[in-house]
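Biologist: Can you take me through this one? I would like to start with the charged pairs and then move on.

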Amino acid sequence: MPIVFSKHEKEYIRLMLEDPEARCFLSDDLLKKLNDALKNYDVSYITENYIQRGALINNIDETKIRERVLIICDALRNNKKIRYTYSEENNIYNGTASPYRLMYSLRERVLRLAACPDNSFEKLVFLNLDGFTNIECTDIDADPDPEKYYSAQRRKLILNVTNNKEKKSAERCMRTFSSYKRRTIYNKNSDTFTIEIDFYLFDKESIIRDILSLGSDIQVIEVRKPGMKKGEFVIDYENDIRGEVVAMLREMFNRL
C-alpha cells in the first residue's frame, strides 16, 4: 500500500524544500518531483508562527554540498572508506578515513562528518562539509571502531538553576542547552531545577561559554564520566568545569 501523507505533512515537506541544507539530502530529480507535487501548498502561516533562534546564516553552495552528502551517505551505507582533500585555515589535508556519522551542528549551523583518519585510529575528527575540496568513496572496507572513542568522550554535566521568574533563568537555561539530551528535576522546597546534560568532551569549551552567559542563577555541581559498570557514571575529577568557570570569572573580575 502506498504511504498517504496528510495535508499538514505535505505542508511541512513543502517548508523543508525552502531550506537549502535540507535540500542537500535530496537528488535533483526528487527535488523537482516534490516541488511540482507540492507547489500549490501555502506554508506562509507556518513561517509566521515560529522564531528561528540565532542570527547565524551560512551561505552555502547547495550543489557542492549535495554532491558531498550523497558520497558520504554512500560510504556510510556500504561501510566504505572515503578519500578526501580538506582545507582549513590555509592548511590542506589529504588522506583516507572511515566515516562514522553525518552530523548537523545546531550551534554553528553547519553539516559535518565525524570520521576516523587512517593515520590515527584512536582519533575521531570532525570535518565541516564545506571544507572538502575533493571527496570520493573507495572500495576499501571501513575498519576502526569509533564508538569506543565516542563513548569515552561522553560526560554528564550537573547544573543547579535558581527559578528566577523575573530573569526567566530556567527557561533561558533550557533554551541554551536545547540541542543536548538532558534530564530535569524540579526541587519544590528550594524552587530550583537540577539539570543533567549529556555532552561530549570536544564540546567542553562551548559548554563553558554557555554557562558563563547564563549568569549567577546557574551553578555547576559536577561532571560525571562513565564508570566501570554498564550505565554507571562517577564524578570526573579531571574535568572540573566548575573550577574552570570559577577561574574564568575571577580573571574577568580582576580585569575590571
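**Salt bridges and sheet**

Modeller: Lys32 and Asp36 make a salt bridge, with their closest N and O atoms 3.0 Å apart. The model is a predicted one.

Biologist: Why are Lys32 and Asp36 separated by about one helical turn?

Modeller: Because they are 4 residues apart in helix α3, which covers residues 28-38.

Biologist: And is Lys32 buried or exposed?

Modeller: Lys32 is exposed, at 54% relative accessibility. Asp36 is partly exposed, with a relative accessible area of 42%.

Biologist: How many salt bridges does the count come to?

Modeller: The count comes to 18 salt bridges. One of them links the side chains of Glu18 and Arg14, at 3.7 Å from N to O.

Biologist: Where do Glu18 and Arg14 stand on accessibility?

Modeller: Arg14 counts as buried, at 19% relative accessibility, because the cut-off for buried is under 20%. Glu18 has a relative accessible area of 43% and is partly exposed.

Biologist: What about Glu251 and Arg255?

Modeller: Their side chains form a salt bridge of 2.6 Å, N to O. Both residues sit in helix α9, 4 residues apart, so about one helical turn separates them. Arg255 is exposed at 65% relative accessibility, while Glu251 is partly exposed at 40%. There is also a network, in which salt bridges with shared partners join Arg154, Lys156, Glu196, Asp198, Glu222 and Arg224.

Biologist: How many bridges join β1 to β5?

Modeller: 6 bridges join them, with β1 spanning residues 80-88 and the two strands running antiparallel. Tyr86 has Phe132 in β5 as its bridge partner.

Biologist: What is phi for Glu89?

Modeller: Near 50 degrees, a positive value in a residue other than glycine. Glu89 is in the loop between β1 and β2 (91-105), and is exposed, with a relative accessible area of 70%.

Biologist: And Asn90?

Modeller: Phi of Asn90 is near 65 degrees, again positive in a residue other than glycine. Asn90 lies in the loop between β1 and β2 and is exposed, with a relative accessible area of 80%.

Key: Residues numbered from 1 in each chain as written. Heavy atoms only, no water. Pairing = 2+ DSSP bridges. Buried < 20%, exposed > 50% of the residue type's maximum accessible area, 1.4 Å probe, protein only. Salt bridge = Lys/Arg side-chain N within 4 Å of Asp/Glu carboxyl O.
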